[in-house]
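Good morning, and thank you for coming. Please look at the structure on the screen while I go through it part by part.

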Amino acid sequence: MSTPTAAVRAEGNRSLLSIANQAVPAIAQQLQSLAVVGLTASPVVRDSFTIGEVPKPPPKPELVIARSGTSGLQWPVPPYQFSDGYGPRIAPCEGCSTFHKGIDLNPGEGTPIYAMADGVVVATSALDDGGLGVHAFIEHQIDGQTVRSTYAHMLVGTLRVSVGDWVGSGQLLGNVGDTGQSVAPHLHFELHINGGYIDPVPWFANHGL
């Protein structure tokens with residue numbers, strides 16, 4: 001590669017090649033310089049938060065009887081869900097009767113069962129070995145009559161009373177279960193007056209419940 005003749009033509013005491021060599025650094029310096037004007041550093045903004053305990057849901061209210069009638073009476077469980085009434089019926093299971101001597105209430109398995117009135121426990125079974133399963137019988141004196149109440153099909157292990165115990169109205173007896181001749185968890189509840197069975201629903205209605 002040869003240098004063009006014009007590139008070495010003398011100009012005064014300097015050649016064009018020497019002039020070019022001096023101009024390149026100046027051009028390179030101009031191309032590599034960068035001036036930033038009018039920009040200011042922005043502050044870094046960070047989210048602020050605190051760590052606390054997750055709030056717990058409020059406890060579910062216990063199922064209780066809202067009101068009582070005369071003589072301190074109350075339903076043994078909330079009387080909102082009846083699955084079978086008193087009287088003739090088609091037997092719902094093998095060994096079940098065709099005449100229902102009580103009523104079936106199904107507020108849900110595990111629901112507390114309470115004594116309907118003051119009285120004395122006259123019979124119990126803590127075993128799932130009969131038609132009534134785990135159950136209790138209580139005798140009361142109401143309006144000059146002997147009234148016996150029956151609470152059947154309780155959960156095994158939940159019976160809270162024994163024969164001879166004095167119980168008050170609203171005292172916990174056990175929990176709704178599915179023992180004995182039963183097709184689903186429920187309370188089978190009976191009333192006997194002077195040895196005969198009666199329908200609990202009108203009887204309770206006559207006493208303000």
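Which residues do ring pairs link into a cluster? They are Trp75, Phe82, Tyr151, Phe189, Trp203 and Phe204. Please keep these six names in mind, as several of them will return.

Before going further, I must say that this is a predicted model. The protein chain has an average pLDDT of 77, and 61% of its residues score at least 70. Over residues 7–11 the pLDDT stays under 50, and the model has 10 contacts for them beyond four places in sequence. Residues 56–70 also have a pLDDT below 50, and this stretch has 22 contacts in the model beyond near neighbours in sequence.

Now, the overall composition. The protein chain contains two helices and 14 strands. Of its 209 residues, 32% are buried. If we take the contacts between residues at least 6 apart in sequence, 59% of them join residues at least 24 apart.

Let us return to the aromatic rings. There are six aromatic pairs in the count. One of them is formed by Trp75 and Phe189: the pair is tilted, with 6.4 Å from centre to centre and 55° between the planes. Trp75 lies in the loop between helix 1 (16–32) and strand 3 (82–84), whereas Phe189 lies in strand 13, so the pair ties together parts that are 114 residues apart in sequence. Are these two residues, Trp75 and Phe189, buried or exposed? Both are buried.

Leaving aside residues up to four places away in sequence, Phe189 touches Pro76, Gly102, Ile103, Leu105, Met116, Ser149, Thr150, Tyr151, Pro200 and Phe204. Phe189 also has a place in the largest nonpolar core, which has 29 residues. Within that core, the members that touch the most others are Met116, Tyr151, Leu173, Phe189 and Trp203. Which elements each supply at least two residues of this core? They are strand 6 (103–105), strand 9 (134–142), strand 10 (145–154), strand 13 (187–193) and helix 2 (200–206).

Strand 9 pairs with strand 8, residues 119–125, in the antiparallel sense over five bridges. In that pairing, Val120 stands opposite Glu139 of strand 9. Strand 9 is also joined to strand 10, again antiparallel, by eight bridges. Here Phe137 faces Thr150 of strand 10, and Ile142 stands opposite Gln145. Strand 10 in turn runs antiparallel to strand 13, with six bridges between them; one example is Val147, whose bridge partner in strand 13 is Ile193.

Why may we call strand 9 and strand 10 largely enclosed by the rest of the structure? In strand 9, seven of the nine residues are buried, so this strand is largely enclosed. In strand 10, seven of the 10 residues are buried, so the description applies there too.

Arg148 lies over the face of Phe137, at 4.6 Å from the ring centre.

Finally, let us consider the backbone. Most residues other than glycine have a negative phi.

Thank you for your attention.

Key: Residues are numbered from 1 along each chain as its sequence is written. This is a predicted model: local features need pLDDT of at least 70, side-chain atom pairs count only at pLDDT 80 or more; totals for chains, interfaces and linings use all residues. Side-chain values use heavy atoms; hydrogens and water are left out. A nonpolar core is a set of buried Ala, Val, Leu, Ile, Met, Phe, Trp, Tyr and Cys residues joined through side-chain atoms within 4.5 Å. Buried means under 20% relative accessible area, exposed over 50%, partly exposed in between (1.4 Å probe, protein chains only). Helices (H or I, at least four residues) and strands (E, at least two) are DSSP runs, numbered from the N terminus. Contact means heavy atoms within 4.5 Å. pLDDT is the predictor's confidence in each residue, from 0 to 100. Two strands pair if DSSP finds at least two bridges between them. Rings of Phe, Tyr and Trp (its six-membered ring) pair if their centres lie within 6.5 Å; planes under 30 degrees apart count as stacked, over 60 as edge-to-face and the rest as tilted. A charge sits over a ring if NZ of Lys or CZ of Arg is within 6 Å of the ring centre and within 35 degrees of the ring normal.
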